[in-house]
Amino acid sequence: MTEFLQQLLNGLSLGAIYALIALGYTMVYGVLRFINFAHSDVFMIGAFAGYYLGQRVPAGTLAGGLAVMAGAMVICAVLGMAIERLAYRPLRGAPTLNVLITAIGVSLFLQYTGQLIFGATPRTFPQLFPAARLSIGPLSVSSNQLLVIAVALVLMIALQLIVFRTRIGTAMRAVSLNPNAARLVGVNNDVVISFTFGLGSALAAAGGILYAMNYPSIDPLMGVMPGLKAFVAAILGGIGNIPGAALGGLLLGTVETFVGGSAFSTYKDAIAFAILILILLLRPAGLLGRFVAEKV
Amino acid sequence: MLTVSDLHVSYGAINALSGVSFTIPQGAIVTLIGGNGAGKTTTLRTISGLLRPRRGSVTFRGEDITALPAHAIVARGLCHVPEGRMVFANLSVDENLAMGAYLLRDRERIARNREFVFGIFPRLKERLRQTAGTLSGGEQQMLAIGRALMGDPAFLMLDEPSLGIAPRLIATIFEKIVEINRTQGLTILLVEQNANLALEVSAGAYVLETGRVVMQGPSAQLRDDPQLRATYLGGGPVG
């Protein structure tokens with residue numbers, strides 16, 4: 001039982017990171033109907049931003065850690081908006097396949113520019129936040145793990161409030177439901193799309209730092225695996241569906257952790273893709289997704 | 001108030017409009033009639049900025065709006081209620097109305113517009129929390145018009161408001177359209193396949209055929225035109 005709870009906690013903290021990344025995939029899919037494959041590299045840049053910013057603040061303090069996280073989120077928000085503006089906006093109205101291929105190009109560009117600037121050797125991520133090992137009953141929990149879950153929770157609640165309670169959030173949902181109708185009520189779709197990229201990229205940056213805190217080695221290709229898994233999480237929850245992405249991320253992280261702790265631990269990374277195949281066969285719209293019947 | 005001149009629009013190699021011109025005076029209801037594929041919807045979509053013309057211009061209140069993006073045209077008071085209504089299906093009626101007032105910042109004005117819309121379509125008030133996609137066709141049309149009115153337009157373009165709606169609701173909706181025009185002085189451009197109905201409520205009409213204006217005049221006069229009656233009004237004696 002203790003081991004079960006321990007693994008559950010590990011799984012939830014990994015899943016919370018997947019969820020943060022998956023939200024970016026799903027939001028961009030919502031407004032533009034394509035998968036932004038460069039998103040996983042924005043996650044990587046977020047970790048590197050945390051690495052460099054972390055050298056400028058006192059290590060191991062809560063205030064310093066939060067400041068670094070906020071800084072990395074701003075940097076990645078700007079990066080995400082720049083990617084949209086430079087790479088995707090000129091392709092508005094082009095076939096989805098063209099945009100998709102461009103996204104892969106942007107992804108490779110970020111990875112190899114990263115290798116050029118940061119070098120290919122992995123670096124050890126600094127301890128940004130105060131570290132402690134806590135014992136809750138029989139459980140041994142690192143403060144990093146709790147921090148991951150807490151930060152992810154706060155960010156997801158904030159996102160929920162933005163999307164469902166604010167004017168720009170309602171506009172995001174409107175653009176996602178019917179871009180032309182949104183334009184006809186006066187929404188500048190480009191602004192909404194740009195905002196969506198900024199928001200998703202900021203969450204990816206937070207995810208990158210939290211990931212680097214728990215798996216403390218970063219390199220320019222670090223985004224590939226977590227990015228693919230978060231993509232699977234977004235599909236699992238129902239692509240385009242915001243609560244679905246959160247649910248998909250948590251589920252995937254938990255399942256992966258349990259598999260990793262079992263006799264089948266070599267299949268830890270394969271499980272995400274097994275889930276992807278299953279969900280595409282059995283419930284292609286995802287757990288919370290729905291096929292919308294168009295009413296004419 | 002609105003002048004469209006020599007509008008040419010094509011979809012790839014296919015010409016949808018080949019030189020459409022017309023003028024709509026302030027405060028009037030004017031209708032565009034014509035068969036399927038005549039270019040009625042294309043005309044509205046070009047005026048509202050969803051489509052770009054190959055040639056020609058659109059002038060609204062003395063300003064050339066041909067090259068403006070759609071959201072900037074709405075901001076000038078020209079609002080398009082599209083064919084098929086296009087309500088935001090997963091948003092509530094309330095949120096749809098809020099989106100209609102997207103460009104307004106003044107809360108009091110938004111609240112006033114809401115009351116005005118509820119006065120015209122009380123049904124919307126009863127359905128406020130309901131998801132728009134679950135409304136009947138007629139209710140969705142009311143919502144689409146209500147959403148447009150939330151933005152305080154000076155000019156309203158309605159594309160086929162009678163399409164797919166129960167006959168008794170059609171009468172209601174057309175009464176409301178006339179009421180909005182009379183009480184608010186709102187100028188209305190009405191596209192309608194039901195030419196009888198359109199000519200009944202409008203002051204003037206333009207008849208489109210394969211992307212050209214082939215006939216125009218006061219609606220009362222066109223109603224009695226034998227050629228028009230034969231083509232669009234189902235023939236029959238002048239009633």
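1. Between chain A and chain B about 2,200 Å² is buried, 60% of it given by carbon and sulfur atoms; buried area here is the accessible area (1.4 Å probe) that two parts lose on being put together, summed over both. In chain A the residues that lose the most area to chain B are Arg167(A), Leu184(A) and Val185(A), which together account for 33% of what that side buries.

2. This is a predicted model, in which local features need pLDDT of at least 70 and side-chain atom pairs count only at pLDDT 80 or more, while totals for chains, interfaces and linings use all residues. Residues are numbered from 1 along each chain as its sequence is written, chains are lettered from A and ligands numbered from 1 in the order in which they are written, and side-chain values use heavy atoms, with hydrogens and water left out.

3. The contact (heavy atoms within 4.5 Å) takes 21 residues from chain A and 26 residues from chain B.

4. Across the interface of chain A and chain B the rule finds 1 salt bridge, a term that requires a side-chain nitrogen of Lys or Arg within 4 Å of a carboxyl oxygen of Asp or Glu. Arg173(A) forms a salt bridge with Glu95(B), and the closest N and O atoms are 2.7 Å apart.

5. Helix 6 (167-177) and helix 7 (179-184) of chain A each supply at least two residues of the side of chain A that touches chain B, helices being DSSP runs (H or I, at least four residues) numbered from the N terminus. The largest share of that side, 6 residues, comes from helix 6 of chain A.
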